[in-house]
Each structure stands twice: as structure tokens, then as C-alpha cells.
Amino acid sequence: MFVQLYLSQWREFSRDRMALFFTILFPLIFISIFGLLYSGGSKFDEKVGIVLEDQGPIGPQIASAIEGLTKTPDGQDPDENVFSDMKFSRGTANELEAQLQNGDLQALVIIPAGLSDSITSGQSASVTVKVDQTSQVFAPFFQGVVDNIIASVDQNITQSKPMLTMQVQSVLSSQIRGIDLLIPGILAMSIMQLGLFATAQPMIAMRTQGVLKRFNATPLPRWMLLISYVAMRLTIGLLQTIIIIAVGKLMFDVAILGNIFVLIGWLLLSILMFIAIGFFVAAIAKTEESGNAITQLINFPMLFLSGVFFPVTGLPDWLQVVVKAFPLTYTVDALKQVMINAPPISTPLVNLLVQAAWLIVMTVLSIRFFKWEAR
Amino acid sequence: MTAIQVENLVKIYGSLRAVDGISFEVAKGEVFGMLGPNGAGKSTTTEMIEGLRKPDAGNIHVLGHDVLKNIEPIKQRIGIQLQTTSLFQKLTTRELVKLFASFFKNTLPIDEVIGLVNLEEKVNTASKDLSGGQRQRLAVAIALINDPDIIFLDEPTTGLDPQARRSMWDVVSNLQKRGKTVFLTTHYMEEAERLCDRVAVVDHGKIIALGKPQTLIHDNFHETALEFSDDERLPEQLLTSLPAVERVQNEDGITTLYSTGVARTTNALMALVEQQQTELRGFTIRAATLEDVFLKLTGRRIRD
Ligand SMILES: Nc1ncnc2c1ncn2[C@@H]1O[C@H](COP(=O)(O)OP(=O)(O)OP(=O)(O)O)[C@@H](O)[C@H]1O
Ligand SMILES: [Mg+2]
């Protein structure tokens with residue numbers, strides 16, 4: 001019974017060219033276009049100030065390591081070094097801080113006085129990184145890079161326990177390009193559209209056209225129908241994500257920095273969440289037309305505002321409040337965190353809780369309002 | 001034993017009493033028909049018996065089980081063809097029959113069922129590519145897949161060509177030969193007369209006549225019907241005063257004279273036509289049918 005239902009839905013889906021296009025091909029076309037646009041990687045040309053107050057040996061080491069970012073190691077194409085166009089300047093805390101304020105600098109690294117002394121006497125110390133938060137792409141990159149440098153300097157001095165810390169914490173690969181940033185967004189987008197287009201609409205169609213009614217006239221239990229329906233969508237969702245990640249990996253060698261199992265966990269959670277949202281749409285929409293309208297109403301704002309194409313932090317404050325309510329925001333955030341170690345907007349716990357809450361609430365409401373018959 | 005027992009069934013939609021106090025019983029092995037015009041309440045009644053719609057009042061028992069209380073044991077033993085069946089569009093005939101077969105404990109072989117409705121040539125055709133009549137037959141095939149004791153057919157021959165209709169009649173006759181109970185709705189009186197052991201003639205949610213087709217006809221008519229259309233409209237009182245004419249009906253430009261003496265009425269009618277210098281078109285003499293019963297009881301034809 002389950003197998004037959006599942007197979008039937010699979011056939012129905014795989015023989016539908018439109019559905020195939022939107023779930024599989026569309027994201028791929030998307031990746032290809034953006035991949036080609038972004039894979040060359042825009043280079044950073046930001047200006048960074050360094051305040052070196054430490055008199056000991058460690059501070060200068062850190063400072064010159066940071067400045068060394070512009071140098072491309074032998075045997076590497078300078079075009080691949082995204083930092084090669086950056087500018088560094090040194091000065092006092094006061095003057096550089098002022099430059100950061102008025103926008104002449106995009107970041108400031110402060111290596112405090114007495115840092116070397118603290119470390120050598122076995123106490124911990126920290127380097128402060130101040131980053132202009134308006135440069136959305138640069139900020140996380142730079143923080144990550146500085147953190148890496150500090151960690152490696154630290155390891156050279158103190159073999160055992162780490163002493164040096166950075167105040168803004170975040171790690172990023174220095175190889176991150178636009179396409180790497182985009183892939184998590186595309187994944188999130190296709191998961192959402194799976195929930196909206198591939199879950200809600202066929203269900204509404206099945207109800208309005210009377211397929212559900214015909215099933216009702218058989219001994220087929222309703223839960224069996226629902227389980228096979230969800231299982232089928234889950235399969236499509238996983239298939240979709242596998243294809244996107246595989247193509248991203250093969251064509252553009254995109255980064256997956258985090259744990260793959262954690263990534264799969266996040267994907268499963270968000271797929272289930274959007275399936276639940278899809279069911280909710282199917283529950284409240286009476287006709288296919290109204291289902292369409294509701295779907296688009298959900299699709300568009302989320303697609304453009306939830307961080308798929310540009311970061312949420314760049315939006316005006318009032319809009320950020322709205323965006324915080326969108327489930328997709330948390331999907332994008334969670335996926336970016338695990339795939340490219342992007343700076344968190346919300347902590348993983350919050351991402352988990354919010355998405356789980358959406359999943360549960362939508363499931364409950366769907367069960368409450370779902371109608372099996374058209375009229 | 002009774003297969004279906006319905007008592008005082010009522011279904012109300014807003015201010016419309018779609019089914020208005022219907023009662024009847026269907027015996028096991030019987031072919032029972034509901035005959036009535038569009039909107040009479042046939043589908044509503046059928047689907048309430050099938051457990052798909054909840055009645056506002058009344059009792060329904062199918063194979064001894066109360067449909068309103070416990071439909072599950074019944075579902076394995078009945079086969080349902082809805083008036084409009086919509087299925088997965090891109091699945092083939094065989095795939096769909098197989099899918100529905102998986103819902104039941106006992107099933108007939110897939111190919112046997114497809115053969116019963118003569119769809120062998122279309123086993124690998126997607127349901128969306130079937131013609132209306134073929135889709136109708138597929139729906140009937142699916143209704144037969146669990147070898148049901150009772151088969152519900154809601155207008156099984158609507159949209160079929162004459163040949164397919166006759167082969168559908170064969171399907172129903174064969175079901176009866178195998179001891180099955182068939183409950184069908186139709187608005188073809190010929191179909192009802194031919195197939196049904198008993199018919200319930202319904203109109204506006206009420207049964208207006210119930211019994212064997214021949215009994216219904218004989219109870220209502222000992223006359224023969226003379227039917228024609230005349231453009232000039234012969235005056236009705238002249239027609240009524242023709243010899244042996246019992247009654248005159250005029251509906252949709254077709255005049256029907258119910259006569260107890262065909263020869264006398266015909267002769268007099270021809271003389272009248274001559275005298276009025278008019279012409280009759282489509283003059284026919286026929287035995288009364290269920291259509292006439294309906295016409296007599298409601299003043300309307302079943303199909304408008
Ligand atoms: N779900 C519904 N909501 C409102 N009115 C309904 C509903 N279903 C049926 N009706 C009305 O109830 C009446 C009986 O409908 P039903 O479908 O039972 O007729 P029927 O005898 O099967 O007609 P047909 O020969 O056209 O199939 C019609 O007037 C119809 O408009
Ligand atoms: Mg009907």
C-alpha cells in the first residue's frame with residue numbers, strides 16, 4: 001500500500017516536466033549563472049588600520065602576519081588571493097578609530113599594550129577587531145582571517161593551552177567566494193519552494209479535483225496517504241539538495257566547511273518545516289487559485305528578504321523585525337553557518353528552536369484546519 | 001437478506017433539501033437503479049450510502065453495518081465509481097488499477113479487471129490521455145478491483161458511445177450473474193428499464209415511484225403513446241376529444257397522445273391533420289416507457 005502510493009506519486013512527479021524543471025533544473029540554472037558570475041571572486045580592496053601598542057615580540061608578529069595577507073605565496077596565482085588588493089595603515093588608537101568612524105577605514109585591529117608580557121607570564125590576552133558592519137561580505141571574512149592568524153601565532157608560542165583570543169569570534173576560509181555564499185541560499189530557496197510548490201499545490205489539486213475523495217472511498221487510511229505524501233516530498237527535497245551540493249562541488253568546488261551530518265540534520269529539519277508550511281497553505285486555501293496566490297505571497301518576500309541573495313543585516317531596522325519572523329531567515333542562517341562558517345545572525349540553538357517551532361505549529365494548524373473535501 | 005437499507009434519508013444544502021426523506025431497500029443480488037433528472041439528488045443519496053457524505057437525518061445500513069457508525073468493514077466489500085473520478089493524471093491505466101488494488105485485502109487480477117471493461121488496449125496510456133468514455137470505464141474497473149459484494153455506479157454510461165454503453169450493460173449483467181448487488185444511477189430510462197430489477201424514480205430529492213420498471217409502466221399506463229411534433233400546434237381540446245385518447249402531454253414542442261385504441265386514434269388524428277391543413281413531423285407509435293411515467297408524475301421530461 002505504502003510502496004504503491006509512494007511509487008505512484010513518484011511517477012506522477014517525475015513525469016511532470018514543469019515540476020521537474022522547478023525542483024531540479026531551475027536551481028541548477030541558478031547556480032550555473034551565479035557561479036559563472038561570482039566564481040572569479042570579487043577581491044577585497046578594503047582599508048584596514050592596525051594599532052600596535054604592544055612593546056613585546058608577539059604583537060609585531062601578529063601585525064605583520066595580518067599585513068602579509070596581501071602577499072601571495074609562491075606558486076599561487078595572485079588572482080586567487082582575494083586579499084591582494086587590500087591596504088593597511090598603522091597609527092594610534094585615537095586617529096585610526098576616527099578614520100573607522102568616518103568610513104576611511106573598514107576595519108581596525110587593536111593589539112593592546114602588555115600583550116606579550118601577559119602571554120609570557122602565563123595569562124591570557126585578547127586582540128580586538130573592530131569591523132565596519134556595513135561591509136557585509138568583508139566583515140566576516142576579515143574576522144575569520146584575523147582569528148586564524150591569532151590562533152596560529154598563539155600555537156607557535158604556547159604549545160599547550162591557547163592564551164590569545166580575539167574578541168569578535170568567527171572563522172572563515174580565506175577562499176570563500178560569492179558562489180560559496182550563494183549555495184546555502186539556493187539550497188534554502190529550493191527547500192522552501194519544495195514546500196510551497198511541490199507540497200501545497202498538488203495537495204490542493206488532489207482535493208479540488210476529487211482525488212482525495214476517491215481515496216476516501218477506499219479502505220486506505222488517511223495517515224498512510226499523508227505519510228507517503230510527506231515521504232515523497234522528503235525524497236525530492238533530499239534529491240534536490242544532493243544535486244545542488246554535488247553540482248556546486250563539481251562545477252565550482254564550493255566550500256562545505258562544517259560537519260556533513262550536521263548539515264544533513266539542518267536540511268532535514270528545514271525540509272520538514274517547509275513541508276508543514278506547505279500543508280498549512282493546502283489547509284487554508286480553498287481553490288487552486290487561492291493556493292497559488294498564498295504561495296506567491298509567501299514565496300516572494302521570503303525569497304528576497306531572508307538572506308538568500310543578500311545579507312539580512314543590511315536591511316533597515318523595521319524590515320529586520322519582519323524578516324526575523326520569516327522561517328527562511330533561520331534556514332539560510334543555519335545553512336550558511338554550517339556550510340561556510342558564516343557569522344551567525346542567530347545562534348544554532350535559536351535556529352533550531354525557531355524552525356522546530358514553525359514545524360510544530362504549522363503541523364498542528366494543518367491538522368486542525370485541513371479539509372478532505374472540496375466543498 | 002438486504003444489501004442496502006435506507007430510512008428517511010435527508011441532506012440539506014443551505015435552503016435546498018437535496019435529499020428529502022428517501023427510504024428504500026435493496027436485496028442481495030438485485031440491480032437497483034435510481035432514475036431522475038439533473039439535480040434530483042441521485043449522487044447525494046449514493047454518496048451518503050457510500051459513507052462519503054454525512055446525512056442530516058436518517059439511517060443507512062449496508063450489508064448489516066451501520067454506515068454512519070462504522071464504515072470501515074464495509075469499505076472492503078463495496079466498489080465505488082463516482083460520477084466524476086479524477087485520478088493521478090500521469091499514471092497509466094494499469095498503474096492506477098494496481099495502486100487501488102493495493103488498498104484492498106482481496107483483489108481480482110489486474111488484467112482481468114481491465115479486461116472486464118475492455119481497456120486492454122489502453123493499459124499503458126496515461127489517464128489524462130484517455131477519452132472521457134475510456135476514463136469512465138477505468139473508473140468502473142477500479143470499482144471492481146476488490147471483487148466487491150455491492151457495486152455503486154453513479155451514471156456509469158454517461159458520455160459513452162452506444163457501443164461502449166452496451167458493453168457496460170454487459171458488465172452489469174455479468175456482475176448480477178455472479179450474484180453481485182448493483183446500485184446504479186442514470187438518467188437514461190432505457191438503461192433503467194433494461195438493467196434494473198427495480199428502479200426508484202426520483203425528483204427534487206423525493207422518490208416519486210418505486211418498483212419493477214414494467215410494473216411502474218403498467219400501473220401508470222394501459223395506453224400506447226402516439227408522439228409527434230407539429231409546428232402549427234393543433235389545438236389541445238381537439239386532440240383531447242379524439243377517440244380513445246386518455247391524456248395529452250405537450251413538452252418541448254413534442255406532443256404525446258396516450259391512447260387506448262391506437263387504430264381509432266390514429267385515423268382520427270390523420271383526418272384532423274388533413275382538415276387543419278398542417279403536417280406532422282416525427283410521428284411515432286410506441287409503448288409507454290419510464291420516461292412517460294416520469295412525464296406523467298412530474299409534467300417534465302427527465303432529460304431537458
Ligand atoms: N456540496 C454541495 N453543496 C451545495 N449543493 C449541493 C452539493 N452537492 C449537491 N448539491 C445540490 O444538491 C442537488 C442534488 O445534487 P446531486 O448531485 O445529488 O444530483 P444528481 O441527481 O446526481 O444530478 P446529476 O444527474 O446532475 O448528477 C443539486 O441541486 C445540487 O446543486
Ligand atoms: Mg449525479
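Helix H10 of chain A covers residues 260–284, and its 25 residues reach 36 Å from first C-alpha to last, close to the 36 Å expected at 1.5 Å a residue. That expected span is 1.5 Å times one less than the number of residues. Helices here are DSSP runs of H or I with at least four residues, numbered from the N terminus. This is a predicted model, where local features need pLDDT of at least 70, side-chain atom pairs count only at pLDDT 80 or more, and totals for chains, interfaces and linings use all residues. Residues are numbered from 1 along each chain as its sequence is written, chains are lettered from A and ligands numbered from 1 in the order in which they are written, and side-chain values use heavy atoms, with hydrogens and water left out.

At the N-terminal end of H10(A) sits a cap: a side-chain oxygen of Asn259(A) lies 2.6 Å from the backbone nitrogen of Phe261(A). Helix H9 of chain A (residues 222–252) has 31 residues and spans 44 Å between its first and last C-alpha, close to the 45 Å expected. Just after H9(A) comes Asp253(A), with a positive phi of about 50 degrees.

## Where A meets B

Counting contact as heavy atoms within 4.5 Å, 22 residues of chain A touch 25 residues of chain B. The area buried between the two chains is about 2,300 Å², with carbon and sulfur atoms giving 62%; buried area is the accessible area (1.4 Å probe) that two parts lose on being put together, summed over both. On the chain A side, Glu12(A), Arg214(A) and Pro219(A) lose the most area to chain B, together 29% of what that side buries.

Chains A and B share three salt bridges, each a side-chain nitrogen of Lys or Arg within 4 Å of a carboxyl oxygen of Asp or Glu. Take Lys213(A) and Glu47(B), whose side chains pair up at 2.8 Å, N to O. Helices H1 (2–14) and H8 (211–216) of chain A each supply at least two residues of the side that touches chain B, and H1(A) gives the largest share, six residues.

## Ligand 1

Ligand 1 lies between chains A and B. It has 16 residues around it, and Asn38(B), Gly39(B), Lys42(B), Ser43(B) and Thr44(B) come nearest; to be near, a residue needs a heavy atom within 4 Å.

Now for the oxygen atoms of ligand 1. A polar side-chain atom of Thr44(B) lies 2.4 Å from one oxygen atom of the ligand, and a side-chain N or O atom of Glu155(B) is 2.9 Å from an oxygen atom of ligand 1. Ala40(B) uses its backbone, with an N or O atom 3.2 Å from a ligand oxygen.

Key
A polar contact is a pair of N or O atoms within 3.5 Å; within protein, one must be able to donate a hydrogen and the other to accept it, and residues adjacent in sequence count only if both atoms are side-chain atoms.
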